[in-house]
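The following report describes the secondary-structure packing of a single model. Please examine the sequence and the coordinates before reading on.

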Amino acid sequence: MRMRFAPRIAHLAVNVYRIPTDAPESDGTFEWSATTVVVVRARAANQEGLGYTYASRAAGVLIEELLAESVRGRDALDVQGCWDAMVHAVRNQGRPGIASMAIAAVDTALWDLKAHIVELPLAQLLGATRARVPIYGSGGFTSYGLDQLADQLGDWARAGVTRVKMKVGRDPAADLERVRTARDAIGSATELFVDANGAYSRKQALAFADEFADIDVRWFEEPVSSDDLDGLHLLRDRAPADMDIAAGEYGYDPFYFRRMLDANAVDVLQADATRCGGITGFLQADALCTARGMPLSAHCAPALHLHPCCCAHSLRHLEYFHDHVRIEQMIFDGAVQPENGALAPDLARPGHGLTLREADAARFAI
C-alpha cells in the first residue's frame, strides 16, 4: 500500500502590529485609536501559510508559548487534527476570548499552508459554492460628523455597494438625525444597516426599531447586548417584519452560536473567523446555520473571510469593514477590490492569496 506524503509543520513565526486609525473612531459602547493585528506564518515542506487575528498582543504570546508546541511536528495536511490539539492545549487558559483568537490565527495559517502544499486556491480546496461574495460597506462611526458620515456611506453607494452600515447608540438623542443623513446620502436603492453594539436598553431598542423602520433601515445589529438573549429574542419578535435582528460577532465557539440559535435570538447569525477559532470554527458556525435554515453573515476581516465565504452554504454577505480593509491593503499583498458590490477571489493565487509585505508592516511592529 502506498503511503501518502505527510509534510510536518516545522515552525510558526508570530509578529504583532499596531496600526493607528485614520481618524478617531467609536461605536455605541467603545472608542479606539488603533487596531492590533497578530500575524502567524506556518512553514512545512518549503511552503508557508499566513493567518492573522485582530486581537491583543496577548494572543501572540499565547501562540508562542502554548499553541506552537501543540502543532509543531504534526501533519500539515491534517488541519482538523491540529485544531483539535490547540483546543485541547488551551483547556486551563479558558477557550473563549484570547485563546480562541490565537487558535484562529494559527488555524487560518494552517489552511493557507495546506492549500500552498497542494497548489490550490483555498476556495477550491474547501469546496466553493459561489464565485463571488456579496459585501456591505461598514463604518459610519459615532465619532464621525454628519458630513464625514454622508461622504463615506455615499461613496460606497456610488461605487456600487448595495448595502452600507453605520454605528448608533453613543448619543441616542442624535441617532435619528444621523440615520436620516445616511439615508439621504445613499439614496433609496441602497440598503441601510445600523449597529448599536449593545448600547440600548430593551425598551430603547424597541422604540428605535420602529423609528428606524420609517427611514427604511433593514438591519438592526446588537440592538441590546449580545449576552441578553432574551432581549434579542424580544427584538426579533417585535421588530418590523422587514428588519433583521443580527448578532454573534463575539462568538468564540460553536456552543455560543448554538445557545444563540436555540434562543431564537436573531434573524441572521454573525460569525468572525478571527474570533471563533479560524476557518475551521467559521465553517462549524456555517454548519449550525445550515442545519437551522439560518442565514450567516461574516463579521469584518474581509480579505481573510473571502475564500471560506465562497464555501459557506448559508452565507448572506460579508462585512467590508473600513478599518480592516485599510489594514489589509496596507500590509498584505493580494487583498482584492470590490466590483459591483461583491468580492471575487483571485484563483490564480494559491491559498487565500495574501502575503505579508514585511517592509510595510515593520514600522507598526510592537
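With which residues is Ser-297 in contact, leaving aside its neighbours within four places in sequence? Ser-297 is in contact (heavy atoms within 4.5 Å) with Tyr-136, Trp-219, Val-268, Leu-269, Gln-270, Ala-271 and His-317. The model is predicted, so local features need pLDDT of at least 70 and side-chain atom pairs count only at pLDDT 80 or more, whereas totals for chains, interfaces and linings use all residues. Residues are numbered from 1 along each chain as its sequence is written, and side-chain values use heavy atoms, with hydrogens and water left out.

Ser-297 lies in strand β10 (residues 296-298); helices (H or I, at least four residues) and strands (E, at least two) are DSSP runs, numbered from the N terminus. Because its relative accessibility is 0%, Ser-297 counts as buried, a term that means under 20% relative accessible area with a 1.4 Å probe and protein chains only.

**Parallel strands and crossovers**

| Strand pair | Bridges | Residues standing opposite |
|---|---|---|
| β4 (residues 133-138) and β5 | two bridges | Gly-137 and Val-164 |
| β5 and β6 (residues 191-195) | five bridges | Lys-167 and Asp-195 |
| β7 (residues 217-221) and β8 | three bridges | Trp-219 and Asp-244 |
| β8 and β9 (residues 268-271) | two bridges | Ala-247 and Leu-269 |

Between β7 and β8, the chain passes through helix α8 (residues 229-238) in a right-handed β-α-β crossover. A crossover is right-handed if, with the strands pointing away from the viewer, the path from the first strand over the helix to the second runs clockwise. The chain then crosses from β8 to β9 through helix α9 (residues 254-262), and this β-α-β crossover is right-handed. Likewise, β5, helix α6 (residues 172-186) and β6 make a right-handed β-α-β unit.

In a regular strand the side chains alternate between the two faces of the sheet. From strand β8 (residues 244-247), Asp-244 and Ala-246 point one way and Ile-245 and Ala-247 the other, all of them buried. In strand β5 (residues 163-167), five of the five residues are buried, so this strand is largely enclosed by the rest of the structure. Arg-163, Lys-165 and Lys-167 point one way from β5, and Val-164 and Met-166 the other way.

**The antiparallel sheet and its helices**

Three strands form an open antiparallel sheet in the order β1-β2-β3. Its edge strands, each pairing on one side only, are β1 (11-26) and β3 (47-54). Neighbouring strands of this sheet are turned by 20° against each other on average, direction ignored. β1 pairs with strand β2 (residues 31-44) over 12 bridges, and Glu-25 stands opposite Trp-32 in β2. Helix α3 (residues 98-118) packs on the sheet, touching β1, β2 and β3, and its direction makes about 155° with that of β3. Helix α12 (residues 322-331) also touches β1, β2 and β3, its direction making about 130° with that of β1.

Helix α2 (residues 79-89) packs against α3 at an angle of about 165°, with the axes 10 Å apart. Axes are lines fitted to C-alpha atoms, for helices over the stretch in contact, and angles run from 0 to 180 degrees between N-to-C directions. α2 and α3 are therefore roughly antiparallel to each other, a term for angles over 145 degrees. Their contact includes Trp-83 and Met-86 of α2 and Leu-110 and Trp-111 of α3.

Notes:
Buried means under 20% relative accessible area, exposed over 50%, partly exposed in between (1.4 Å probe, protein chains only). Two strands pair if DSSP finds at least two bridges between them. Angles under 35 degrees count as roughly parallel, over 145 as roughly antiparallel, 65 to 115 as roughly perpendicular and the rest as oblique.
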